[in-house]
Structures are given as structure tokens and as C-alpha cells.
Amino acid sequence: MKLTDTKADQHGVIRKIDGDAHFMNRVTAIGITEGTEFQTVRNDKKMPVLVYLRETLIAVNRADAERIEVEAV
Amino acid sequence: MNTRIALLGQPNSGKSTVYNALTGSRQHVGNWPGKTVEKNDGYYTYKGTRYTVTDLPGSYGLSGNSDEEIITADFIKSGQADLVCILVDASQLERSMYMVAEYAALDKPAMLLLNMMDVAKSQKKEIDHKLLEKRLGIPVLPFTAAESKGYEELKSLLAAELENPHMLLSHPETDQTTSVLEQSKAKYRWISEMLDGVTHTATPEYKLSKFDRVATSPIRGKLLCFGVVLLAFLVAMIVMSPFMAIGQMIPAVLNAPIANLLNGWHVHPWLVSVFSMMLPNVLYFCISMASFVFGVNLVFGFLEEIGFLARAAYQFDGVLSKLGLQGKAICPMLMGFGCTIGGTCGTRVMDNWGQRMLAMAVVWAVPCGAIWGVIPVVASMFFGPGGTLLVCVLILCYMLLMMVIVSKVFGRKLSPAESRSGMIMELPPYHKAHWKHILKEAFLKAWDIFKRALGTVTLVSLVFYIFSFSTSGNIQSSLLYRVGTAIEPVTRFFGLGWQTFMAFLSSAFAKEAVLGVLNAAFVGGSNLLEATFFAKSATPDNAALAASMVQTISKPEALAFLFACTFNVPCVMALSTTYRESHSLKWTARVALFYIGGALLLSCIVYHIAALFL
């Protein structure tokens, strides 16, 4: 499923990221990469998805979050 | 001897705090050759030796293709720095070590500053920095940038490292032929090896604090934002008022003594009025602008540092994405309500040039603090208290519409859909505010504007002076009046008579001048010059102005005038700041022409529509 499909307090692992090199660089440099464990903190309509990973609370733009495949654990 | 230091770090690593603390006001702001990215150089002296410090552009990595990353990587590779001091956030060590992993491949001397140790300690995170030092092979210094006590140790370490530099012992095994994703995985693997046993990274369940639950909720969070910002402006006004008061006193205090002195020397009257009237008022305008910049930067610096602005960016990302912008643009837009100059500088948070220029163009649509001092005064003359409120609401509504129009007109060029980068940002934990640092930053910015404004405002004042100069002291013999009345048949169509058109023109000079010009044009008697330059210090008689304005112009005309003034180009200093920040004369001029044309068209529309109802 996509990052945007996760629910608050759900834990998961990033599986696949889709986008051009520019997008990949931005996402991975902030700490989101394949295999990273995360916890969705908030996921409200029309708002960025709020995730917690690598000890950091990160807001991911909704359209960008659509390009991140995750797996729930 | 090696004396060139560069600071490298991700956003929120506290890099600029360290840079400012090291160099103080001994800074130079320039441009990276051929790029629109700002270059900050400064220096400090330690034990008789002068060290230069380059503040490298903040980015999350070094291998991306943004201007910031290319500049930084090229700068390091070229060996222009003898030592690179890398900053990482000790409270998010694993993630922020990414910069070190990127740097390692460049094989240049470095040292590591473990910043935000206070935050790490408060989160009960322990870091074995000695072990990390051994693994990396470069010195590692635990640090809290916002506290002044660590800087002696830092300076002594920097000096020692410049004498005897160290390189990183290992670097991630990345294969350049593989994908970005594979390479980043290798980098994080390397980080885990480096941090093994240095700190524990067990991620506990994250719980939003009570406050954050409100701050991140879709509706209550937005209300909270508006509340906090409103409160912030209130505080800013209180802080600014003594400076404003002193500034206002200057023309009154200096006018007579200078005039007497020069008259005693039998200087030409024209020069006497330049020195006794215009220059003290230029000083007042500059102090006023600098106080606005100071106030706005003080409160927004505070909101930024405690971490609140990141929440605001989160709140408005959805809406702003539709404009081709992103959440981070909310900060300059809110700053714009205080001061367009401040808001323009505030667009530095944007990630790429196109979005930044677009954000500046949008910020111009936000009515600034100075024009909010004009709107209620004029509106209440014509529409009463209830009507005034309605006018303010209408102006705010049009502001939103104008933002949409500006983003539609310029967005396609400046922020085409395929190059838009959405917001991916961290919401840092709430910090304590370090007032000394915030005050210093705000002061430096205000001082910078003050210095630049002196030149620009003097020049524009002189031009205005020549146009409004009249030998008889009567407004009717000034060039401005002649031109104004000559083109009145045209401006009438836009709903502007010669008086209001003059005030409209002056609003592009400084919004502070609008009431003064209205006073001179409508009440007459007094010299236009005097009225313009004594705008506030002489407190124009609002009752007399009201009586005359209501008699001379109709309600639709007044409404059209208010809209025209509010949505005209911002003041000259905001224009010059936009040019300086964007480095693009072409785009600054384009947006300025659009605003002037737009304001006249708007005036026309408002006038003709209002004429149907009022």
C-alpha cells in the first residue's frame, strides 16, 4: 500500500520509492529509504502525512507520499 | 598558513547560529558565481590570527542536483576550504550523519560538531563521542550552539585542526553506477557501522504532545496558527514602538536647528529644505522600515527557533501546493502582514529559485503593516465603523484572490508542475528560545536594511522632491500637480482624481507617505513636500482631511483608491530587496509592472462596480 493509505499509529517499513533522481535525493537525504522502519503519526485528508522515522518527525507532502510504497508490520 | 574554514550541515543543524556566533557582524553577503544562491563569508580573530568562515548553503546532502548541493560539493572539491566543520544534530544522530556519509567520499579534512547536545540530553540520549571520534578518525566535539560557553573550545580546536588536519578513516562503499536508492542504502549502512555502540537508536512509540495534537490538527491547528501569529504581531508592535517613537521625533527635533544653522550661513533655501526637512525625514523613514524589519524578524525568529513555524508549514502545505508553492511559504506570507521587506527575505526558506521568486511575488499581495495604518483611517471617513470593517474584510478577500491570480500568471513559468518540489521537512522538537541569538539576528537584519535604505530612500526622496518642488510653496505650481491634472482625464477612468492618483504614486515610494500626500492634496495650504515628509511626525489633521476628502470625492472613488494603494507595488525598499534576493532584474520588473497595471485595473473595476451600489 501507499504511505497515504496508512493510519495513525500504524507501524511499517518503506518498500519502494518511485520518482526521478531529484525526488529520490530529497527523500533519501532526509532519511526515507527502502527498508526504513516508520510509524505514521498523523494522516489527515488534504494534509501532508506525518511520519516518525530515524528519531525524526517528518512531514511528507501528500502528492509525494503517494509515490512511497510501504508495508505494514 | 591555513585559515579557511567552511561550515557544512543540514537545515535545522544550527549552522547559522554557529556562523553568527563565530563571526558576529564581521560578515559579507555575496553571491556564488553565476548562481542565485547567497554566499556568506565572515571572519574572526583568535589569538592574533584571522580566520575566514564560509557558511555553505544548507542542504540535506551533497549528491543531489539542486544549486545548493552542486555549489557545496564543488566548493569542497576545489579545496577552497582548509577545514570543513560538519554539524550534526546529536538528538537525531543517525539521520543527520547522512551529511558525513556524503562528505566522506570527497576525502577532505574535516571535524565534527555534535550540536544540540542540550536537546539530546533532555531526551536522555547518551552519545559516546570518544568512540565515534576513534571510528571516524576526525575530532568530534559535543556542542550546544546557542550557548556561548563552548566557543572558546571550538575556536581552539579549529586552530589546532587547521595546523594538523584529519581526514575521515573510511567512507561508504557506494557504486556510482547503481541507483540513488542503492547508494543511499549503502550510506545508511555505513552510518549504522559508525554508530554501533556509540548511541542506541531503539525507536520508541512516538506520541504527539498535547500541544502538538492541537497544532497538527487540520482545523484547530490553523486557528492556533492565526492566533499565535496575531499575538506575535502584537508583541512585535510593543517592541517596535519605542524605536518608532524615537524615529518620529527626529524630524521635529532636527528641523529647526539645521534650518537655523544653514540660514545663518546664507545657504540657498532649496538646500536648506533638503538638509533640514528631507534628510531628517529620510532618516525617520529608514528607522521606521528598520523597526518593522526588526519587529517582524524578532517574532518570526522566535517562532522559527522554538519550532512553531514548521507546524505552520505543515498546516498550509495542502493549500499552498495548489498555488505552485509549498508549506514553507506560509512564513514569508505571514511576515508580509508586518513588513513586505521582511517577508521577501523570509522566502529564503524555499527550496528552489523559481518557487522562491513566486513566493516573493505572492508576498507582495499581502498588505503590510504601514498600509494597515492607512486603510482604517481613510475607510472610516466614508463608511463608518461597520463599513470600515467590511472594507478590511473585502481587502483580505481580494488579497487571497490576488495570490491565486499571481500564482496562475507567474506560476507556470516560475514553478512548472514537473519541477515543483513538494514539502518534505522535519518538524523539530520544540526548543527553548535563545533570545540573545534571536535579538542579534533581528538586529543585524534591521541594520542591514537601515544601511541600504539610507541610499535608496534618499535617492527616491530627491526625485520626489524635484517633482513636488514649487517656487511659491503652493502645490499648484509643482510639476507633480501639472502632470497629475494633465493626465486626470485618463486616471479618472480608473476612479482616481489627481489628488488620489498622487497618493497612489506615493504609495509605491513608502506607504507611510500616503496620508501625508492626501493631506497636502486635499487640504492644501501646506507644502506637499512638508506633508509627504512629515507624514507621521506632523500628524496630519485627520478631521480636516476627512471633511475635505468627503466633499471632494465620492464613496466609490474612495474605495477604488484604497484598493489601488493596497495592491500597488510595495515600497521601494521592498522592491530593491526583491531584486537583491532574486538577483533578477527581469523578474522583479515583470512582477512590479504586473502589480502597477493590476492595481490600476482593480481601481477601475472597484470604482465602476461600487458606483452601481453606493
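**Exercises on a two-chain predicted model**

Chain A has two helices and five strands, where helices (H or I, at least four residues) and strands (E, at least two) are DSSP runs, numbered from the N terminus. The model is predicted: local features need pLDDT of at least 70, side-chain atom pairs count only at pLDDT 80 or more, and totals for chains, interfaces and linings use all residues. Residues are numbered from 1 along each chain as its sequence is written, while chains are lettered from A and ligands numbered from 1 in the order in which they are written.

**Exercise 1. Describe the fold of chain A and state how compact chain A is.**

Step 1. Along the sequence, the elements of chain A follow the pattern β-α-β-β-β-α-β.

Step 2. The radius of gyration of chain A is 11 Å, close to the 11 Å of the globule rule for 73 residues, so chain A is as compact as a globular protein of that length. The radius is taken over C-alpha atoms, and the rule is 2.2 Å times the number of residues to the power 0.38.

Step 3. Of the 73 residues in chain A, 56% are buried. A residue is buried if 20 or more other C-beta atoms lie within 10 Å of its own, exposed if 12 or fewer, and partly exposed in between, with C-beta atoms placed from the backbone.

**Exercise 2. Determine the strand order of the seven-stranded sheet in chain B and identify its edges.**

Step 1. The sheet is open, with the order 2-3-4-1-5-6-7 and mixed pairing. Two strands pair if DSSP finds at least two bridges between them.

Step 2. Strand 2 (27–31) and strand 7 (140–142) of chain B stand at the edges; each has a single partner strand, so one side of each is left without a neighbour in the sheet.

Step 3. From one strand to the next, the twist averages 25 degrees. Axes are lines fitted to C-alpha atoms, for helices over the stretch in contact, and angles run from 0 to 180 degrees between N-to-C directions.

Step 4. Strand 2 of chain B pairs with strand 3 (residues 38–46) of chain B in the antiparallel sense over five bridges. Within strand 3 of chain B, Asp41(B) stands opposite His28(B).

**Exercise 3. Characterise the contact between chain B and chain A.**

Step 1. In the contact, 33 residues of chain B meet 35 residues of chain A; two residues are in contact if their C-beta atoms, placed from the backbone, lie within 7 Å.

Step 2. Helix 8 of chain B gives the most to the side of chain B that touches chain A, with five residues.

Step 3. By class, that side has 13 nonpolar, 14 polar and six charged residues. Ala, Val, Leu, Ile, Met, Phe, Trp, Tyr, Cys and Pro count as nonpolar, Asp, Glu, Lys and Arg as charged, and the others, Gly among them, as polar.

Step 4. Strand 4 (residues 56–60) of chain A and strand 8 of chain B run antiparallel and are joined by three bridges. Ala59(A) has Met425(B), in strand 8 of chain B, as its bridge partner.
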